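Trainee: I have a new structure to look at. Can you walk me through it?
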Amino acid sequence: MSLATLDTTQHPNLPASSTTLFQAKAAKKLSFEQIASYIGRNEVATAALFYGQAKASEEDVTKLSSLLDIPREVLEEQLSGFPDRGRSVEMPPREPLIYRLYEIVQNYGYAYKAVLNEKLGDGIMSAISFSTKVDKETDENGNTWAVITLRGKW
């Protein structure tokens with residue numbers, strides 16, 4: 001199993017908690033799916049905690065401390081602030097996968113907007129009242145497909 005790790009030289013704008021969490025994750029050889037299952041969150045939301053892009057609850061701090069063998073006081077101090085969302089990604093992104101997601105919005109953003117407005121009326125999709133998940137599909141030819149679901153309150 002391949003695990004996501006963190007090279008802090010590539011991500012200088014991440015909070016101290018990112019280094020703490022990723023080092024413990026690597027030492028325990030845990031996937032985001034495994035950590036998410038333990039703390040009771042979606043795996044993308046769990047990864048967002050590791051990158052400082054989501055607010056950790058007291059329960060998150062307690063469970064992460066227990067699972068990853070990080071002193072609770074350390075996590076409480078590092079995760080007690082408010083997220084500084086969006087700071088870690090430069091625009092346009094240079095990392096190829098993140099760039100492709102950006103490119104999807106560049107190429108299809110107005111098409112999504114038009115279809116959403118036709119189906120739902122005037123409004124915007126919330127990124128606060130929001131959930132997302134990532135799935136893997138394999139087609140009849142053996143090709144692997146990424147399926148990203150975005151679900152936001154209208």
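Mentor: What follows goes from the domains to single residues and then to a pocket.

Trainee: What should I know before starting?
Mentor: This is a predicted model, where local features need pLDDT of at least 70, side-chain atom pairs count only at pLDDT 80 or more, and totals for chains, interfaces and linings use all residues. Residues are numbered from 1 along each chain as its sequence is written, and side-chain values use heavy atoms, with hydrogens and water left out.

Trainee: Which domains is the chain divided into?
Mentor: Domain 1 covers 8-79, domain 2 covers 90-123 and domain 3 covers 128-153. These bounds come from an automatic or database domain assignment.

Trainee: How far apart are domain 1 and domain 2?
Mentor: Their C-alpha centres lie 28 Å apart.

Trainee: Ok, which residues does the "active site" annotation cover?
Mentor: The UniProt record, an unreviewed entry, gives R100, E103 and S126. UniProt positions are in the numbering used here, feature names are shortened, and annotations may be inferred rather than shown by experiment.

Trainee: Where is R100?
Mentor: R100 is in helix α6, residues 96-120. Helices (H or I, at least four residues) and strands (E, at least two) are DSSP runs, numbered from the N terminus.

Trainee: Why does E103 count as partly exposed?
Mentor: Because its relative accessibility is 25%. Buried means under 20% relative accessible area, exposed over 50%, and partly exposed in between, with a 1.4 Å probe and protein chains only. R100 is partly exposed as well, at 47%.

Trainee: Different topic. Which residues does the cis peptide bond join?
Mentor: The cis bond joins M91 and P92, with omega about -10 degrees. P92 is found in the loop between α5 (72-79) and α6.

Trainee: Then what is the phi of K29?
Mentor: K29 is not a glycine, yet its phi is positive, about 55 degrees. It sits in the loop between α1 (16-28) and α2 (32-39).

Trainee: Is K29 buried or exposed?
Mentor: K29 counts as exposed, because its relative accessibility is 60%.

Trainee: And what about D69, where does it lie?
Mentor: D69 lies in the loop between α4 (58-68) and α5. Just after α4, D69 takes a positive phi of about 55 degrees. D69 is exposed, with a relative accessible area of 55%.

Trainee: Back up to α4. Which of its residues are buried?
Mentor: D60, V61, L64, S65, L67 and L68.

Trainee: What do they pack against?
Mentor: The buried residues of α4 pack against α1, α2, α3 (43-50) and α5.

Trainee: Which residues is R72 in contact with?
Mentor: Leaving aside neighbours within four places in sequence, R72 is in contact with E58, V61, T62 and S65. Contact means heavy atoms within 4.5 Å. R72 itself is in helix α5.

Trainee: How far is R72 from T62?
Mentor: They are ten residues apart in sequence and 6.5 Å apart in space, C-alpha to C-alpha.

Trainee: Last one. How much space lies in the second largest pocket?
Mentor: About 230 Å³. Of the 20 residues that line this pocket, P15, G52, F82, P83 and D84 are the closest to its centre. On a 1 Å grid over the protein atoms alone, a pocket is an open set of points where a 1.4 Å probe fits, with protein on both sides within 12 Å along at least five of seven lines, and lining residues have an atom within 4 Å of a point. Grid points are joined across faces, edges and corners, and a volume is the space filled by probe spheres set on the points.
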